[in-house]
Amino acid sequence: MPDLQTHTRTCNLCEAMCGIEITHDQGHIVSIKGDKRDPLSKGFMCPKAVALQDIHDDPDRLHYPMLKTPQGWEQISWENALNEVASRIRNVQAKHGKNAVGIYIGNPTIHNLGSMLTLKPFLSALGTQNRFSATSVDQLAPMLVALKMFGNQTLFTVPDIDRTQMMVCLGANPMASNGSLMTAPGFKNRVKALQERGGKLVVIDPRRTETAEIADQHHFIRPGTDALLLMAMLHTLFRQDLVNTANLSSHMQGVNIVKNMVAGFTPQRVAKATGIKTKEIRQLTVDFANADSACLYGRMGISTQAFGTTTNWLITVFNALTGNLDNPGGVMFTRPAVDLPGLANLLGQGGSFNSRRSRVHKYPEFGGEFPAATLADEMLTPGKGQIRAMVTCAGNPVLSLPNGKKVEKALGNLDFMVSIDFYLNETTQHADIILPPTGPLEHGHYDLALNMVTVRNTAKYSPALYKPMPDSRHDWQIFNELTRRLQPLSPLKWAGGELQYRLIKSLGSEGMLDLLLRLGPYGTSPDQLSELQKALVKLIYKRFPESGLSQLLDVSPYSRHTHRQQHNLSLKKLQQHPHGIDLGPLQPALPERLATQGKSINLVPKLFMQEINRLQQQLDQKTKLSPDAFILIGRRHLRSNNSWMHNSQRLVKGKNRCTALLHFSDGERLGIRDGDPVIVSSSVGEIELPAQLTDDIMPSVISIPHGWGHHRSGSQLSIAQQNAGVSINDITDDRSIDAVTGVAAFSGQLVTLSTTRIEKNVVRINDKRIAATSIP
Ligand SMILES: Nc1nc2c(c(=O)[nH]1)N[C@H]1C(S)=C(S)[C@@H](COP(=O)(O)OP(=O)(O)OC[C@H]3O[C@@H](n4cnc5c(=O)[nH]c(N)nc54)[C@H](O)[C@@H]3O)O[C@H]1N2
Ligand SMILES: Nc1nc2c(c(=O)[nH]1)N[C@H]1C(S)=C(S)[C@@H](COP(=O)(O)OP(=O)(O)OC[C@H]3O[C@@H](n4cnc5c(=O)[nH]c(N)nc54)[C@H](O)[C@@H]3O)O[C@H]1N2
Ligand code: SF4
Ligand SMILES: [Mo]
């Protein structure tokens with residue numbers, strides 16, 4: 001009989017934070033199952049969890065630093081690699097200025113404890129303004145709304161799905177994505193419970209998605225028209241006298257301005273543009289307003305489109321004006337054990353917007369970064385401030401940014417590039433040096449980011465299952481080493497930098513986590529305070545309620561808001577509770593948690609109001625699509641994760657998922673049969689992929705998943721290359737953006753469709769379509 005052992009952890013592959021149990025025989029994994037005792041996920045996990053093992057065992061994974069040479073990739077020592085990276089970066093900066101080095105930080109960074117803790121010092125040491133990340137192809141819009149309305153970009157509103165009576169999902173597909181900015185593992189079970197208590201789920205999406213399948217209602221909506229729908233819903237609220245600001249009325253400003261602003265947006269006028277009937281818009285609004293509690297939730301489909309900011313703003317306004325902001329069953333705020341929003345408030349680092357503009361397109365900065373849609377142009381456009389060297393970390397911009405081909409070209413032109421990543425993929429193959437960190441099972445995990453958006457407060461620490469390979473480095477070690485090497489050499493600063501380096505090195509990511517837990521709102525018990533200290537705490541709160549000192553206490557174990565619930569959290573305590581600790585349902589947190597002036601919520605920030613004109617134009621617009629024109633939307637699949645998990649055979653096996661979904665009627669109209677190859681082209685490129693006909697999508701809309709396109713030579717992803725697919729981002733236009741922020745508008749771009757079969761007057765030469773008339 002093998003000697004089986006069980007290892008308990010949190011899966012960190014997506015945002016759901018599922019508890020899993022890994023059964024292994026001396027490290028050889030026998031099974032991965034959902035952990036029933038996890039207080040958040042209660043046994044749920046998705047098919048992707050097994051990929052943790054596949055990533056660990058993947059022969060394609062890199063373990064040692066690699067240097068590109070004319071003869072190919074060569075393994076080099078860490079010391080040489082780190083020194084070389086630092087000196088190449090310093091050289092570029094010495095010659096062309098600090099901003100000549102750019103950095104792109106990808107999505108898995110937020111799923112990595114060590115990176116979360118050490119990225120900031122690294123960015124300071126790098127000293128460049130040319131910072132980019134996946135934020136600006138993802139959740140920037142809800143962050144900007146949080147900044148403008150609540151004063152802190154990480155104060156996300158989270159749908160209180162476990163207590164709500166009505167949930168409306170706008171442009172999100174949690175049945176495939178497992179939820180985003182809403183950590184709710186086992187979404188389906190939560191919806192079932194909602195339905196069993198008499199509540200309902202409504203989905204509004206141009207596609208009848210997997211989430212729509214389990215919903216009580218689904219409305220098709222024309223892509224990119226969600227803001228109009230919300231204007232009409234707000235209009236109905238006022239018209240039918242359903243506005244209710246609940247207990248926050250004295251903290252809200254601008255209700256009347258909202259009323260005026262929505263006046264012209266009647267459901268009748270909006271119905272045509274959105275494709276949702278007048279009656280349905282009214283009924284939806286009335287149902288929502290009359291529900292005991294309700295939450296309106298929107299995600300990728302409404303965040304990365306031309307009106308992404310506006311839509312996120314109007315969602316918050318709608319929740320607020322129906323009495324569902326910060327109330328159980330509505331949208332609420334978390335109080336995580338490491339209270340990052342609280343700490344940010346305390347440090348006065350709620351966030352920033354438009355403090356400077358990008359060089360080429362003058363896009364606004366957000367959170368210290370420029371929109372990634374302009375990254376390629378910042379590399380390709382000559383002049384002072386041109387990016388000549390890049391750092392990429394845990395990202396795959398060639399597949400994930402709009403106009404990926406342009407990104408690819410730009411990366412190929414750099415003087416120097418380094419990638420911190422354990423795969424040689426479509427992006428990292430352009431690097432001169434790759435620094436591969438340890439894999440997910442080789443380091444401890446605590447979710448610093450996703451605990452900010454979870455539907456229930458919990459805390460859990462997962463130790464490493466495997467000892468890292470000899471002579472390997474964690475992400476945090478790589479950052480710390482590079483930070484040290486990039487610190488300015490002035491004696492004073494150097495002393496500070498060296499101290500920081502040593503501190504981080506000796507604490508490690510676990511030591512830093514322990515500190516943060518102890519000092520967090522559920523940390524060391526206040527019972528351990530002397531009577532005098534307790535009296536002091538009371539005095540500070542009483543005499544200086546709004547001061548920095550009080551804020552400091554708020555995010556500490558001595559907080560007035562958490563005294564009733566003490567957990568004495570520390571790393572050790574979490575280690576004693578390997579399934580995690582339940583910290584209870586979300587609690588009302590306003591106005592205390594607001595970081596705005598006077599703790600008030602401005603429903604009508606000027607920046608957002610400027611968009612109303614553009615919305616009006618959208619409403620008045622009468623565009624007729626040409627017969628071959630389609631509106632492009634994206635798609636996620638349960639067994640994919642952005643661009644980087646197609647190298648797991650267990651996840652990619654089965655039918656080709658990189659297909660273009662089209663309505664039957666469009667197929668018939670254009671003579672396209674199921675499975676036929678179609679060519680989808682745009683202003684920036686074209687791709688060819690099989691059509692998949694369905695009645696689950698609106699006519700004239702085409703849905704293509706992202707993250708594919710692994711045919712590019714030069715990468716080392718043997719399984720992904722056999723299931724290459726094509727990249728939707730080879731046709732998404734990088735100039736198609738949300739005008740407020742510069743965030744990529746992936747949704748709603750116009751493309752044209754043609755087929756090789758019915759194409760007339762066109763011949764194909766070397767995979768290029770050439771109009772027959774132009775051939776001599
Ligand atoms: N399995 C899996 N899980 C994932 C990921 C993954 O790639 N695969 N990625 C993770 C990441 S990084 C993220 S950010 C989250 C995203 O999480 P979600 O936002 O839930 O994911 P999507 O599937 O992109 O859902 C967007 C939905 O919006 C719809 N849509 C598109 N355009 C519009 C529009 O204009 N209006 C409306 N109303 N709807 C529109 C699409 O049809 C789609 O159903 O998922 C995370 N989880
Ligand atoms: N058209 C279109 N484009 C999209 C989207 C869409 O819906 N449609 N979605 C957008 C969204 S929401 C997102 S978040 C982005 C994602 O875009 P990116 O973040 O740029 O790309 P990923 O595919 O997540 O690539 C992750 C990379 O990180 C590496 N990696 C994984 N774990 C670690 C780790 O612990 N440490 C390090 N150092 N590296 C690691 C992987 O090997 C991989 O190379 O794509 C965006 N692009
Ligand atoms: S939903 Fe799947 S990938 Fe996401 S955390 Fe849970 S098991 Fe991991
Ligand atoms: Mo994302």
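Predicted model: local features only at pLDDT ≥ 70, side-chain atom pairs only at ≥ 80, totals over all residues.

Colleague: What order do the strands of the open sheet have?
Modeller: The order is E11-E10-E9-E13, four strands with parallel pairing. Strand E11 (217-219) and strand E13 (295-298) are the edges, each pairing on one side only. From one strand to the next, the twist averages 15 degrees.

Colleague: How many bridges join E10 to E11?
Modeller: Three, and the two strands run parallel. E10 covers residues 200-204. Ile204 stands opposite His219 in E11.

Colleague: Which strands does helix H6 touch?
Modeller: H6 (residues 187-196) packs on the sheet and touches E9 (166-170) and E10. Its direction makes about 125 degrees with that of E10. Helix H11 (residues 278-290) also packs on the sheet, touching E9, E10, E11 and E13. The direction of H11 makes about 135 degrees with that of E9.

Colleague: What lines the largest cavity?
Modeller: 18 residues, with Pro142, Thr157, Gly298, Asn312 and Thr316 nearest its centre. Helix H4 (140-150), E13 and helix H13 (308-321) each give two or more residues to that lining. By class, the lining has twelve nonpolar, five polar and one charged residues.

Colleague: And confidence? Where does pLDDT stay under 50?
Modeller: Over residues 770-776, for which the model has eleven contacts beyond four places in sequence. The protein chain averages a pLDDT of 93, and 95% of the residues score at least 70.

Technical notes:
Residues numbered from 1 in each chain as written. Chains lettered and ligands numbered in written order. Heavy atoms only, no water. Pairing = 2+ DSSP bridges. Axes fitted to C-alpha atoms, helices over the stretch in contact; angles between N-to-C directions. Contact = heavy atoms within 4.5 Å. pLDDT = per-residue confidence, 0-100. 1 Å grid on protein atoms, 1.4 Å probe; cavity = no way out; pocket = protein on both sides within 12 Å on 5 of 7 lines; lining within 4 Å. Nonpolar A, V, L, I, M, F, W, Y, C, P; charged D, E, K, R; others polar.
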